[in-house]
Amino acid sequence: MYTVHSKKTVMLNILDILKKYSDAEHRLTQAQISDILSSEYGMKVDRRTVRRNLSELAELYDGIDYTEVERRGKDGSDLSICTDWYIEREFDDSELRLLIDSVLFAKNIPYSQSRQLIDKLAGLSNVYFGRKIKNICGLTENMPRNPELFHTIDVLDTAISENKKVAFIYNSYGADKKLHPKRESEYIINPYRMAATNGRYYLICNYDKYDNIVNYRIDRITGIRMLDETRKPISKLREGKLDMPRHMAEHIYMYAGDPIRAVFKAKTYIIDQVIDWFGMEADISQIDGDECIVRIKVNEEAFFCWAMQYGLHIEVLEPQSLRERVISSVNRIAEKYRDDK
């Protein structure tokens, strides 16, 4: 016995079923939709009601698709039947997995918030995708937590949009593994952009009394507040503008300070890593089949750290002061290793 239900309720439940159980690889017939309405929603409706609501949904909702087939009616006439209904997804499974992996690799998002974000992203797909991500690993409760992170990002986003200064407390970790203010007074800065690199969020900003750009870890910021005072225009800085791709390539590890011109010799098998770190603007000249010369513009302190990391595969050539610093550091490490043995 079929029950009379609110037209709006039937339509919303059918839309919910399409979102939950369908995609281009999982299509539903009118009979299947009718069965789900009965088993999960307690609604017994005839197929004509299902068909009518599906047709109206297709007119109202651009993302609903179906297959139209021709069949012979009882009277011998040709009938056009709509079947195999499904909803087109805004994100396919590979795109959602990429977004979820980005959350997993973001080292500064607290565990509980990461879990919530992943659940929300999984909710953008259907039950079939949900089954695929049950075995996703990577979340750990051992990572540092700053419960103000999302609030800080929200305030910064508003301040940047409205060209306002912000004030905040900047912190570092102590031996107790807790954040502690680096100084008693607030940092008052001109915020320009937020950037993600190496699994961390950074604030790119400036102090009024200087004309250069500095970077701060957003997960180390607490007590942020937007000020009424208008921020300094980027045009007043030494750079005159903020070229984000160039800035990120020149500030690997996000050290503050002006970039230098650096030249190094590298094994050709690490060219992938060179481009990953310094971008397509790295000037690479082949010497022979095994080595090449690379010329880059980069923050000096950041490049020193990078050179120590890749020391077995590169040789710093210029500037001379940096070359000598790297050689001296490598020699000290080698000497300590010999002494320890």
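How are helix 2 and helix 3 oriented relative to each other, roughly parallel or roughly perpendicular? The points below take up this question and then move along the chain; the model under discussion is a predicted one.

1. Helix 2, which covers residues 30-41, packs against helix 3, residues 47-60, at an angle of about 105°, and their axes are 9 Å apart. Since angles from 65 to 115 degrees count as roughly perpendicular, the two helices are therefore roughly perpendicular to each other. On the helix 2 side, the residues that meet helix 3 are Gln30, Ala31, Ile33, Ser34 and Leu37, and their counterparts in helix 3 are Arg47, Val50, Arg51 and Leu54. Sorted by class, this contact has five nonpolar, two polar and two charged residues.

2. For the chain as a whole, the secondary structure comes to 11 helices and 12 strands. Of the 341 residues, 38% are buried, and the accessible surface comes to about 20,500 Å², with 49% of it belonging to carbon and sulfur atoms. Among contacts between residues at least 6 apart in sequence, 62% join residues that are at least 24 apart.

3. Two residues other than glycine have a positive phi and may be worth a look in the viewer. Asp84, with phi near 55°, is found in strand 2, residues 78-87, and is partly exposed at a relative accessible area of 28%. Asn163, with phi near 60°, lies in the loop between helix 7 (149-161) and strand 3 (164-173), and at 37% relative accessibility Asn163 also counts as partly exposed.

4. Tyr207 sits in the loop between strand 6 (200-206) and strand 7 (214-217). Is this residue, Tyr207, buried or exposed? Its relative accessible area is 17%, and because buried means under 20%, Tyr207 is buried. Leaving aside neighbours within four places in sequence, Tyr207 is in contact with Tyr187, Ile188, Ile189, Asn190, Val214, Tyr216 and Lys232. For one of these, Ile189, which is 18 residues away along the chain, the C-alpha atom is separated from that of Tyr207 by 5.0 Å.

5. Further along, four strands form an open sheet in the order 10-11-9-12, with antiparallel pairing. Strand 10 and strand 12 (314-318) stand at the edges, each with a single partner strand, so one side of each is left without a neighbour in the sheet. From one strand to the next, the twist averages 25°.

6. Within this sheet, strand 10 (residues 283-286) and strand 11 (residues 291-299) pair in the antiparallel sense over four bridges, and they form a hairpin with four residues between them; Ser285 stands opposite Ile293 of strand 11. Strand 11 is also joined by nine bridges to strand 9, residues 259-267, again running antiparallel, and here the bridge partner of Ala262 is Ile296 in strand 11.

7. Helix 10, residues 300-309, lies across strand 9, strand 11 and strand 12, and runs at about 145° to strand 11.

8. The peptide bond from Glu318 to Pro319 is cis, with omega near -5°, and Pro319 lies in the loop between strand 12 and helix 11 (320-340).

How values were computed:
Residues are numbered from 1 along each chain as its sequence is written. This is a predicted model: local features need pLDDT of at least 70, side-chain atom pairs count only at pLDDT 80 or more; totals for chains, interfaces and linings use all residues. Side-chain values use heavy atoms; hydrogens and water are left out. Buried means under 20% relative accessible area, exposed over 50%, partly exposed in between (1.4 Å probe, protein chains only). Contact means heavy atoms within 4.5 Å. Accessible areas come from the Shrake-Rupley method with a 1.4 Å probe; for residues, only the protein chains shown count as cover. Axes are lines fitted to C-alpha atoms, for helices over the stretch in contact, and angles run from 0 to 180 degrees between N-to-C directions. Angles under 35 degrees count as roughly parallel, over 145 as roughly antiparallel, 65 to 115 as roughly perpendicular and the rest as oblique. Ala, Val, Leu, Ile, Met, Phe, Trp, Tyr, Cys and Pro count as nonpolar, Asp, Glu, Lys and Arg as charged, and the others, Gly among them, as polar. Two strands pair if DSSP finds at least two bridges between them.
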